[in-house]
Amino acid sequence: MSELISLNNISKPKTEKCSSEELVFDRSIVHTSITEDYGLTCDDLFVQSIFKSLYLGGMLIGSFLIGMLSDKFGRLNAMILSIFLVGGSGVLMAFVKNRIIFGILRITCGMGGMGCYMVPAVIAAETTLPTHKIITTTVPGIAFILGELIFTFQAYFIRDWLTLQLVAFLPMLLLLGLYFLVPESTRWLIANDRLDEAKKNIQKRASMNKKIPVPEELLVGKVTEFAATTGSTKKSSLIDLFKHRTILYRTLNMFLQWFSVTMVYYGLLFGSTSLYGDPYVNFTLVVLAELPSMFLYLRLPHMYGRRNSLVASQTISAICCIGGGLLIENSDLATLQITLVMIGRLFGGFGFKLVYLYTSELYPTDMRNTAVGTCSSIARIAGVIAILMENLKEFWPPMSMVIFGTVSIIAAVLAFKFPETRNDKLPESIDEALKLGQNVRRTQFGLVKRKENA
């Protein structure tokens with residue numbers, strides 16, 4: 001009879017709630033954590049994913065808001081505001097004890113983080129010769145990876161989250177001093193009819209480069225000419241990306257490409273700490289895996305074309321995501337799993353850089369900024385979804401990575417629909433954008449070359 005009662009009890013399990021005082025936390029990896037201090041356990045476990053996604057949500061807001069502030073009040077002011085938002089929000093997060101305030105600070109920190117990446121890139125583009133733009137867009141990417149590695153180093157030796165928060169964010173406030181060192185964009189000054197300041201800016205740059213002062217008559221002529229050109233530039237709106245049928249299909253396809261590469265990029269990064277082995281080592285390996293993507297970006301799109309490179313990137317990312325995901329529950333193949341994740345992260349990082357370049361080449365001048373900005377916003381949504389997908393492991397551990405891979409496969413197939421732009425000049429109008437890829441031919445090796453003029 002007692003055995004029958006026991007069997008009945010097993011077949012009808014009861015769920016019992018325990019108090020926070022009864023919980024036991026594993027302190028073998030970290031000594032204190034946000035999870036413990038904010039009670040993000042049991043029924044509130046999902047709040048962890050929300051806190052993580054709020055940062056990327058802030059980046060989404062920042063891509064719109066900081067961009068508008070940059071156009072209205074100047075690149076330098078927008079950059080300083082972004083630095084303040086990152087450093088100030090990060091420091092305050094170490095002292096607040098309220099979930100809602102903490103969440104708001106995560107959002108403002110994300111807004112500043114987006115501005116710190118976006119505004120300096122604009123300043124560099126507006127103050128750099130075209131022949132050096134590839135380098136100026138690649139070097140910041142290397143610095144981003146070095147920053148991730150430095151943070152990993154700090155986290156390895158500082159296992160208290162409050163101390164780590166201060167060590168990571170306090171130095172950011174020192175960068176506020178850049179306000180007195182970095183000059184305002186000369187192009188922005190001219191575009192906003194601040195011509196006297198623009199002239200002083202040009203003369204100062206000439207002096208720093210040890211060039212003779214620019215003659216006043218030449219300076220006035222060039223500034224006036226550029227101001228007239230800037231003022232006559234057509235402004236596009238979001239709706240222009242969907243008016244023409246071909247541009248509409250191209251836009252929707254590029255939305256998917258950005259969505260896919262961002263989901264893989266952030267999904268594999270945040271998921272690396274859940275793999276077998278030391279989470280610090282895994283995170284470091286996945287970060288390091290992105291470094292070679294800089295060199296792939298410098299070579300592959302020029303050798304094999306934008307389209308072929310994007311298809312290859314999406315395909316390899318898909319194989320690695322699905323393969324690595326299916327190995328999650330097999331501890332004997334942990335080395336193979338982290339290897340696949342590293343390769344997926346490598347091509348995810350490569351694809352992330354490539355879609356910026358490809359998007360800018362597919363749209364005419366008056367739509368280019370709108371297209372890149374809108375696609376960037378889609379990318380932030382993908383990052384938020386990638387983080388929230390961590391909760392799917394409760395249903396099936398490989399589910400999130402299999403979804404990443406499936407989306408990448410679909411994106412790889414649809415990438416074949418894009419025209420090749422490697423040998424085309426940047427389109428200035430809709431007609432030129434529609435003719436992209438028509439002046440190329442394929443060799444027996446699949447390479448793309450410009451047709452010889454008759």
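Reader: Which residues is Ser-360 in contact with, leaving aside its neighbours within four places in sequence?

Author: Contact means heavy atoms within 4.5 Å. By that rule, and leaving aside neighbours within four places in sequence, Ser-360 is in contact with Arg-368, Val-372 and Leu-426. The C-alpha atoms of Ser-360 and Ala-371 are separated by 7.7 Å, although the two residues are 11 apart along the chain. Please bear in mind that this is a predicted model, in which local features need pLDDT of at least 70 and side-chain atom pairs count only at pLDDT 80 or more, while totals for chains, interfaces and linings use all residues. Residues are numbered from 1 along each chain as its sequence is written, and side-chain values use heavy atoms, with hydrogens and water left out.

Reader: Where does Ser-360 lie, and is Ser-360 buried or exposed?

Author: Helices (H or I, at least four residues) and strands (E, at least two) are DSSP runs, numbered from the N terminus. Ser-360 lies in helix 15, residues 334–362. Buried means under 20% relative accessible area, exposed over 50%, and partly exposed in between, with a 1.4 Å probe and protein chains only. Ser-360 has 18% relative accessibility and therefore counts as buried. Another serine, Ser-53, has its place in helix 3, residues 46–73. Ser-53 counts as buried at 8% relative accessibility, and it touches Val-384, Ile-387 and Leu-388, not counting residues up to four places away in sequence.

Reader: How many helices and strands does the protein have, and what share of its residues count as buried?

Author: The secondary structure comes to 18 helices and two strands. Of the 454 residues, 42% count as buried. Among contacts with a separation of 6 or more, 76% are accounted for by residues 24 or more positions apart.

Reader: How do helix 11 and helix 17 cross?

Author: Axes are lines fitted to C-alpha atoms, for helices over the stretch in contact, and angles run from 0 to 180 degrees between N-to-C directions. The axes of helix 11 (residues 245–271) and helix 17 (residues 399–415) come within 9 Å and cross at roughly 150°. Angles under 35 degrees count as roughly parallel, over 145 as roughly antiparallel, 65 to 115 as roughly perpendicular and the rest as oblique. Helix 11 is therefore roughly antiparallel to helix 17. Their contact includes Leu-256 and Phe-259 of helix 11 and Phe-404 and Ile-410 of helix 17. By class, this contact has 12 nonpolar, five polar and no charged residues; here Ala, Val, Leu, Ile, Met, Phe, Trp, Tyr, Cys and Pro count as nonpolar, Asp, Glu, Lys and Arg as charged, and the others, Gly among them, as polar.

Reader: At what angle do helix 11 and helix 16 pack?

Author: Helix 11 and helix 16 (residues 365–388) pack at about 40°, with their axes 7 Å apart. Helix 11 is therefore oblique to helix 16. The contact of helix 11 with helix 16 has 17 nonpolar, five polar and one charged residues.

Reader: How many disulfides does a search of the whole structure find?

Author: A disulfide is a covalent bond between the sulfur atoms of two cysteines. The criterion used is a pair of cysteine sulfur atoms within 2.5 Å. A search of the whole structure finds zero disulfides. For Cys-116, the nearest cysteine sulfur, that of Cys-109, is 8.9 Å away. Cys-116 is partly exposed, with a relative accessible area of 25%. For Cys-320, the nearest cysteine sulfur is that of Cys-321, 7.1 Å away. Cys-320 is buried, with a relative accessible area of 5%.
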